[in-house]
Amino acid sequence: MTLAAPLLAAAIAGGLVAPRADDPSQHSAAVLAQRLRTEAVVLQAAEVHTGDGNVFKPGVVVLLDGKVVAAGQAPPLPAGSRVVDCGKATITPGLVDAACQLGVDDVQGYAEESSEVIPQLDAAESVDYFSRDFERLADEGVTTVYVTGSAASVISCKGAAVKTGGPIAARKLAAKACVKGTIGPEASYRGGGNGPPNRFNPPSFHNRRPTTRMGAAWVFRTAFFDARAFQEKGATSEDPAAMKALLDVLDGKVALRMQARESLDFRSAARLCDEVGVKNFTIEYGIEAAKNLDLLESRKIPVIFGPVRPTDSRVAMQTFEDATPALTTPKLLAEHGVLFCLTASDGIGEGGLARQAGLAIRYGLDREKALKAVSGDAAAMLGLESRVGRLAEGLDADLVVWNGAPFDDASKPILVLIDGQPVFDPEHRFRKENS
Amino acid sequence: MILPFLHAASMLAAAVLPAGEASAVRGGTVVNPDGSRIENAVVVMQNGKITAVGGADTPIPADAVVVEAAGKTLFPGMILAHTQIGLDVPNENVPVAPFVNVYDAIEPNSLEFEECQRAGVATIHVIQGNNTVIAGLSRIVKPVGDMVEYMTVRPDYAVKVSITPRSGFNRMTQLATLRAAFADLAQHVSDVAERRYEEEKKKKDEKVLVPPEEASKEGMALVTIDDLDARWRTLWRVSKGEVPLFVHCDRAMDVLHGVEWLKESKLLEKAVFVVGTEAWKVVNELKATGRPVILSGNLVHKEPDPQTGKDRETFVPKVFADAQVPFVLQTVGFGFSPDGQLWYQAARCVREGVPRESALQAITQWAADAIGMGGELGSIAVGKWGNVAILSGDPLVQTTYVEKLLIEGKPVYDRATDRRLKEILTGEQQPVPQPPQSATPQATPPAAPPKKDQ
């Protein structure tokens, strides 16, 4: 199977855009793109995992004009559709990372330093669609990412859900607006220049940021207090736009996620949200979730878990936190009925999302649940469940063709489609030298 | 830090079988790296070596300790052919330090050795790091025992030489320092030879009638290793071709310099190349040397194209497999991150199109060859050592675990009693095992004081 992978990939990609035998003139890219819009494509494979727990062996996915028309064992095929046989391959939905830290400027540069409370800002303004990160993510089967706010601010910006490929105009997705709070240590030292004062940087305007967890909690608390005051008085000395955004969080119009890797930050997040009156929030990067199952289960707090033991994560290198994941955390979360998804943060390659799912499987999570945790459930947590994350009628035709069991250590994506168009170039990686 | 000690000590107790005692693994499928399989196999081990491998009808000695492995996979104990685990600091500050010995630095209670058992690694070549010019003697150990002596498989095995500049050096200083070290050694040996010649003459009450150079030449045959300054003894053995050399060459150009230096020093036959990711560019040159090659744990070579900014990526083991050059896989670090496991590195190779047999040999047989133990380790075969990992499934499938590990015929690890693994998996602290009850009858406890209200 592995030896045939490049050939298979080429055959599939070729099949998607194959010119009609009876009309060799239809070779131009424009004509082919037009045909993909107007003609249904039927992908047949040994297995189709739909991302909501269903598996069809063998299975069929029908695509038309960038959308999934049907997925199942033997759905009715539209007349005139082209059948592409993927052989022994497996098809899954494109993967979704709900807390990605790639595709923006450098991790440090992404930190906003003008204020600790910036819920009025939007990470979409910082997303660089030309970043090579997106190409790599797409190569690895990640088709949608939610670029989350930087932990350098106590209350950070709204994140942005974007696709990792396809026309730039169509990449931004309308996810539910969500801001991020950080009360762990990162809010007190991350940032370009305004870290805590030290012997080289004496106290000044530039390092006014909180320097401890209690300082961060105070900033968090004060911000919501100011927002309430703004609501009552109609005026504020703070940025009114920020205050309005915080009121939206209090009203539930804008969701809140709290970064909490270490156990005490889970507890603080719950306590502070209670205190300021935020009813629902999500835990982001909940590394020590296994120690807080009681809290998560009783209060139904969703968790974005990961990344586990990243080898090359720059973010992880900079946290200096002593958070240790129990390796069976995804399994435990599933057993306790906690809604969760997996994230690779800034991980790519061996630290990427597929490997995070692989680790979850290794340490006891069922393969279908692992797939859900990086597709359907991740999309649902972003409010994108009717757009991406599953192979179901009407959803975007974002899918991954694997040369073996998905997330298996010995298998990899051989074709990735975003909106029905191939974005994965089998010639891109390991081709020139290895063929 | 008391917990790992207790753990290692309890494992040691399990590992001690009296000499001459036999053990056998019954049931299970032998999966050898060369692709051969024996279903429902019996592996018999005596005196630490495998004495029989066969089907279900293979006779098992009556006194053998039998380990049942029905439904399991039997795979040779994996080998870390080049690692710094157990060392607190991988390198000296001194660029030329062949006089040190990892024997003095190996920490037997290091959790990494415990992790080796869990990962099915039975043999570990502990050698100093790459940030050196000439480093000290290495040691091949097994991950069992709380004393280095007990762990030792091959003492004082090899020496690390780096062609790639250590920190603060450039390539010219690196090679100049390397050559100077051997020149200094030659000078020292020559001085000792002269002295020895004079001493011999003195014993016979003869006068030294030759110039110093000739005295040195005449005295060369008299020099024994004990005559040398302790600083130079290892390097002297190296120069005589008695010690394998692990030659670190990070860049492709370093490989070329390394081959040239080894040829001029007549040490090529003792060399093992420890290469970086760029080594795929000199795969043919490495092939021509016929010497073992240990790849870096990072298996992908990235080279940004200056024009397009795109990374040109090469999966290094695939190039070696295509060129039919045996290679040895290492890990990135060692432990629970995916690429901290040898089997995972092998699975990655299969993912990128390396034949399965090559990937499996790269963590067993070829690794054994690289540490000069190809005849003793690397497969489950008669005459080889009884290093057998009992796996729950295929070695390259992610849900497979090491259930049990036998080293030299002795069961040393059992997943069922791995207390720390439970902690790592669940995050819950496990009770510390109690020391075994003494066999002598306990004194009767003092009678409880009478209760007042009765």
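Modeller: Three residues, B:Glu313, B:Arg351 and B:Gln398, supply 25% of what chain B buries against chain A, more than any other three residues. This is a predicted model: local features need pLDDT of at least 70, side-chain atom pairs count only at pLDDT 80 or more, and totals for chains, interfaces and linings use all residues. Residues are numbered from 1 along each chain as its sequence is written, chains are lettered from A and ligands numbered from 1 in the order written, and side-chain values use heavy atoms, with hydrogens and water left out.

Biologist: How many residues does the contact take from chain B and from chain A?

Modeller: Contact means heavy atoms within 4.5 Å. The contact takes 34 residues from chain B and 34 residues from chain A.

Biologist: How many residue pairs are in polar contact between chain B and chain A?

Modeller: A polar contact is a pair of N or O atoms within 3.5 Å; within protein, one must be able to donate a hydrogen and the other to accept it, and residues adjacent in sequence count only if both atoms are side-chain atoms. Between chain B and chain A there are 16 such residue pairs, both residues at pLDDT 80 or more.

Biologist: Which helix gives the largest share of the side of chain B that touches chain A?

Modeller: Helices (H or I, at least four residues) and strands (E, at least two) are DSSP runs, numbered from the N terminus. Strands E17 (300-304) and E18 (311-315) and helices H9 (316-322), H10 (342-351) and H13 (419-426) of chain B each supply at least two residues of that side. H10(B) gives the largest share, six residues.

Biologist: How many salt bridges are there between chain B and chain A?

Modeller: A salt bridge is a side-chain nitrogen of Lys or Arg within 4 Å of a carboxyl oxygen of Asp or Glu. The count between the two chains is four. One salt bridge joins the side chains of B:Glu313 and A:Arg136 at 3.1 Å, N to O.

Biologist: Which parts does the salt bridge of B:Arg196 and B:Asp227 tie together?

Modeller: Their side chains meet at 3.2 Å, N to O. B:Arg196 lies in helix H4 (residues 171-203) of chain B and B:Asp227 in the loop between helix H5 (212-219) and helix H6 (230-239), so the pair ties together parts 31 residues apart in sequence.

Biologist: Is B:Arg196 buried or exposed?

Modeller: Buried means under 20% relative accessible area, exposed over 50%, partly exposed in between (1.4 Å probe, protein chains only). B:Arg196 is buried at 13%. B:Lys203 is exposed at 65%. B:Lys203 forms a salt bridge with B:Glu200, their closest N and O atoms 3.3 Å apart. Both lie in helix H4 of chain B, three residues apart, about one turn of the helix.

Biologist: Where is A:Arg390?

Modeller: A:Arg390 sits in the loop between helix H13 (376-381) and strand E18 (399-402) of chain A. A:Arg390 is partly exposed, at 24% relative accessibility. Leaving aside neighbours within four places in sequence, its contacts include A:Thr50, A:Asp52 and A:Glu385. The backbone oxygen of A:Glu385 lies 2.7 Å from a polar atom of the side chain of A:Arg390.

Note on methods:
Buried area = accessible area lost by both parts, 1.4 Å probe.
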